[in-house]
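Dear colleague,

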Amino acid sequence: MMTRLYRTEKLASPEEKYEELRSILRHLEEIKHPYAGRMAERGLRPEHINGYEDLSLLPTTTKYDLLNCYPLGWLARDKKDIVRIHATSGTTGKPTLVAYTAEDVAMWARNMAWCIGLSGVNENDVVQISFSYGLFTGGLGYHDGADLLGAVVVPVSGGFTDRQIALMKDLGTTVLACAPSYALRIAEGLDEKGRDGIALRLGLFGAEAWSEELRGFLESRLGIKAIDIYGLSEAMGPGVSAECLEQNGLHISDDFIAQIVDPKTLAPAPDGDEGELVLTSWRKSAFPVIRYRTRDLTSLMSGACPCGEPTPRMARVRGRSDDMLIFHGVNVFPSQVESAVCGVPGLTPNYRINAWKERGLQNISLECERSPESSGDDLPRMEHELSKAIKQSIGVTIPFEILAPGIMPRGDNKAVRIRKK
Ligand code: DLL
């Protein structure tokens, strides 16, 4: 029987949410938290925030607010109450650290159990967690959620693809959790090693933007249903929103209030329009998340989901506003390039965008590779189709090179899609 324990039976009432939020804001005032200082500059008091319409009065929080008080100046609780530290997955400079109380960790685990449970994962499943463990929130986030559901958790972490595949066969793994780009690597490994003994039925992917085309590719190559799970360390980690088996939008956890704003003006986007996701948590206490600017571009969806889950939904994240390149006046997202590459038979979904400036103007080029099964004689057809697909998906022509099979670098966590030169 499907575990229903972590389904949202009843949404918290707006009164309950805003009462909790006001009590967080009062606490920030009491401890003279940097965010309370920003409120004071606007003459704002907690009692001014009584509902969704009032949220926009509150200042937004950015990654730089957290970085400016590195390591833990954003902390809103005593150090003795902190039980865990994680960090965002940036590779250069200082990481953004985030801290959790025991209640925050429990809230996160409940949210991840809910996210994973939306796809019907239960105590009969073997969940292989191939997200890396450590400061990155992927490994432990999925781990705690799958644990609460009573599934068998296999904490392999990332990399060592041969070992991943051997364990998958030996343990009868039914659910694979990893970044979609690493799932691609596993699919390639299965091509080499064979699929005998594979019992996979579900992929719970996330941590990077991925296209519908890549979803289709992974579903057919791995013989699974591929589900999208979203989150970010600053908000707690994975678990902010997740698809159910309908695969039609991601349900947003009731612990968060989502707003969509115009990234330039910060004005609320009209209903259903795409904009930047701004998140507020009325529950998380150690590191307050109040109008946090995620930089992720999405929209809110209307209407009820046939799965019966009452939480609102957001569209899949198209990309980060800071990953958007403006080339010949057109906005280019890696996920659009990915759609084009995935649509051409004979190419693998492994690709990289090179970006550099020449006399102040943005230039980009694309590198991708053909699959081992393809023939070099077929290159002219692939080139023709790729250039058509790019024009169609993005609206401009991008110079590209189709490289020999296996040339593009493969990672075991988030893929780096843009190489800035
Ligand atoms: O990537 C948390 C996570 C782990 C989410 C595992 C899902 C699965 P960060 O390292 O802080 O945390 O990176 C957060 O990754 O702002 C998005 O830009 C991107 N991202 C995360 N999930 C998705 C997704 C984790 N499903 C940043 N679709 C976010 C698109 C995603 N982008």
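A search of the whole structure, which is a predicted model, turns up five aromatic pairs. One of the contacts is that of tyrosine 35 with tryptophan 74, whose ring centres are 6.4 Å apart and whose planes meet at 80°, so this pair is edge-to-face, the term used for planes over 60 degrees apart. Because tyrosine 35 belongs to helix H2 (residues 34-41), while tryptophan 74 sits in the loop between helix H4 (63-68) and strand E1 (82-87), the contact ties together parts that are 39 residues apart in sequence. Both partners fall under the 20% relative accessible area that defines a buried residue: tyrosine 35 is buried at 1% relative accessibility, and tryptophan 74 is buried with a relative accessible area of 3%.

Phenylalanine 205 and tryptophan 210 form an aromatic pair that is edge-to-face as well, with 5.8 Å from centre to centre and 75° between the planes. Here phenylalanine 205 counts as buried at 0% relative accessibility, and tryptophan 210 is buried with a relative accessible area of 4%. Tryptophan 210 has a charged neighbour too, in that the charged end of arginine 316 sits over its ring, 4.3 Å from the ring centre.

Elsewhere in the list, the charged end of lysine 421 sits over the ring of tryptophan 356, at 5.2 Å from its centre, and Phe131, Phe136 and Tyr142 form one aromatic cluster.

With kind regards

Methods: Residues numbered from 1 in each chain as written. Predicted model: local features only at pLDDT ≥ 70, side-chain atom pairs only at ≥ 80, totals over all residues. Heavy atoms only, no water. Phe/Tyr/Trp six-rings, centres within 6.5 Å; stacked < 30°, edge-to-face > 60°. Helix = DSSP H or I, 4+ residues; strand = E, 2+ residues; numbered from the N terminus. Buried < 20%, exposed > 50% of the residue type's maximum accessible area, 1.4 Å probe, protein only. Lys NZ or Arg CZ within 6 Å of the ring centre and 35° of its normal.
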